[in-house]
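Dear colleague,

Please find below the structure that I am handing over to you. My notes on it follow directly after.

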Amino acid sequence: MAVDVPVRVFARPRPREDEDAYPECLEAQVDRDEVWIRPQTKEQAKMCPTDQNFVFDGVLAENQTTQDQVYSRCAEKVVSTVLEGYNGTVMCYGQTGAGKTYTMSGKVGDISNLEAFHAMSEGPHRGVMQRTVEQVFRAQKQAAEGVEMTLRMSYIEIYNDIVHDLIQEDTNSTALRRSVSSGQDANRGAPKPQIRNGASCHVVTSRDHAMELLHLGLRRRQVASHNLNRDSSRSHAILTLYVTQRMPGRRQGAAPGAAGNGAPDSYAKRSERSREEAAASEGERVQSRIDLVDLAGSERLSKTQSSGVHQSEAQHINKSLSFLEQVILAIGDPNRDHIPYRTCKLTQFLRESLGGNSYTVFVANIRLESAFVNETVRTCRFAQRMQNVKNSPILNVMRQDKDISRYIQSLVDENNHLKQELALYDSLSQASKEYDPYTDEQREALLDQVLRYLRSDNWGNNDFAPLEFVSVRHIKEIILQCKAVFRKTGVPSIERPPPPLASADPGAGDRPGPPSPARGNGHGIADEEVRDASCDDWVSSPMRGGAEDGGREPRSQGSGGGVLDAAKIEQYKEGEGKQLQEALEENRMLVKTKKKESVMLAKQMNEILKRIKAEDDKGLVQSLKAEYRELHQDRAMLLSEIDHCKNLAAECQRKLIEGVTECFQ
Ligand SMILES: Nc1ncnc2c1ncn2[C@@H]1O[C@H](COP(=O)(O)OP(=O)(O)OP(=O)(O)O)[C@@H](O)[C@H]1O
């Protein structure tokens, strides 16, 4: 059974370039694994008014911690667990120029120079990626007799929220697909790479081979120059090593290739299976992976002076990091049901690494110079939140064919058993499920419920009675009532229309009227749209689809049209529909949260404006203006995030409409 394991968090300050130019503001206390932030001048106090300290699993002190030490403290153990059959992630996060790429890929320098890259990859400045490859190949060499270990590698970047394959250009990698294909590549005579998660996945046969692919990927990665970093990465890059180990079975006393790497051989030790079970698992496959994530750096446009295309890149970067933060916050909040993984490609990719099946290490790259105190505080706060994230790593044992068919049979048996249980439960509980057509009175009562729901302020409240579906018939009746309401009045000005009675023909011919103008609630531009998005649910989506889809309304029994296919809608509700519904809720939640933040920012900005008007001191006015500009940027970013979430919600809504409509025969 999986055990909760917190993400381990380290801070790594980048060595200061010029101590005189940057009077010290922060202290990284190594013994106590703390980062202290102490303003020492008036200027610094403006940016960071109080002392702050952050405690992590470790602080990798500047100038004292070599790449070798960083690897052994942060990554080596994770790689060992990957070799035991678990998944692992090492991730670097921080402001631009703080040393993420240095930590992950080493001192890359002029990447077009292959020789220099290979020399660096053997020297002390090589990063976590090179060292991981080394450790994995060492383990392969030292694998116990009979253990067959295959290593595969993929390398992708997420640039402007689009996934690009860094190894093989022509892969259709924009979609996060779970498909796996294999075969022979006739051109090269080499095995054709599998496609995993939309990226090509290459068998790597040696350390040098892996380094070549790494070099290829680094060359293709999007890099640009700005004020704070000459070679700033403009994308999030994820190098994944897949380790597949075919076990000879415990009868031969063999274990996965963890031997020699210092890791406990947990697969052999932890699995307490009997001799018979071990015999059954002969030929068992263990498949694990390690993701090495070099996130693009968050940046303040005012400091990097990025413009044009780089400004748009920076906005994408900041936006995706902000979505990442939302995921972290949601995972750490026990009251949140939904984790908004689907808001961008980055969070989709990191789903298993954060809150999922993975041992994860997070390195917060920071800068100690006083000029970056704001960014450092932000990064440390982010890292602190990361400490609340708990994962549930499990041993990734793949079942063999024999096991799979036995497993499927057991699921079929269980399904039959549950169906019998349900039938029995229905008859014993005499649950009042309406399988028969509704009477006029029942329709009247339902219409009252629907109207109360549509009129209620709490549009996001999915607990409201009509939405607690008790049967397919119930859903259909709700749709009918809503449709009747809309046809008569439109959504915002709901007056009670004549109820659609059993004898009426609610689906006949006519179209819903034009949408009424949306009404805001006086809080700002996005509000009215939040209302729109927040009333998306199982009921409203198909109904609104009638208007948006040019009249492709779900038809209902009794209207002379189609009949809702009960099995199909159930299947849809459990499968794709459920996912869409969850995504819809996530995005609605995000819109609400971000709107609140935006209102707060607007208030802060107004305060600053007042102070600027009242202030005589020119110096102070300058710094207030700078602060105002930063807040303005933050708010612009927030508003564009809100738009993004609203678009996602609209997309979910559209798909839901299509999905539900498909369920009508
Ligand atoms: N610990 C370190 N020791 C020596 N040099 C370092 C260290 N950390 C960073 N550097 C150097 O600082 C510069 C910026 O680092 P790097 O490119 O790794 O930053 P980054 O966080 O990846 O930035 P971006 O997000 O813009 O890509 C590079 O020249 C790098 O070699």
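How many residues surround the ligand, and which are the closest? The shell holds 18 residues, the closest being Gly-99, Thr-101, Ser-232, Ser-233 and Gly-297; a residue counts as near if its C-beta atom, placed from the backbone, lies within 6 Å. Please note that this is a predicted model, in which local features need pLDDT of at least 70, side-chain atom pairs count only at pLDDT 80 or more, and totals for chains, interfaces and linings use all residues. Residues are numbered from 1 along each chain as its sequence is written.

Strand S15 (229-233) and helix H3 (100-105) each supply at least two residues of the shell, and S15 gives the largest share, 4 residues. Helices (H or I, at least four residues) and strands (E, at least two) are DSSP runs, numbered from the N terminus.

Strand S7 (residues 88-94) is largely enclosed by the rest of the structure, because 7 of its 7 residues are buried, that is, 20 or more other C-beta atoms lie within 10 Å of their own. Gly-88, Val-90, Cys-92 and Gly-94 lie on one side, and Thr-89, Met-91 and Tyr-93 on the other. S7 runs parallel to strand S17 (residues 285-294), joined by 5 bridges, with Val-90 opposite Leu-292. S7 also pairs with strand S18 (residues 359-367) in the parallel sense over 7 bridges; pairing requires at least two DSSP bridges. Within S18, Phe-362 is the bridge partner of Met-91.

Kind regards

Conventions: A residue is buried if 20 or more other C-beta atoms lie within 10 Å of its own, exposed if 12 or fewer, and partly exposed in between; C-beta atoms are placed from the backbone.
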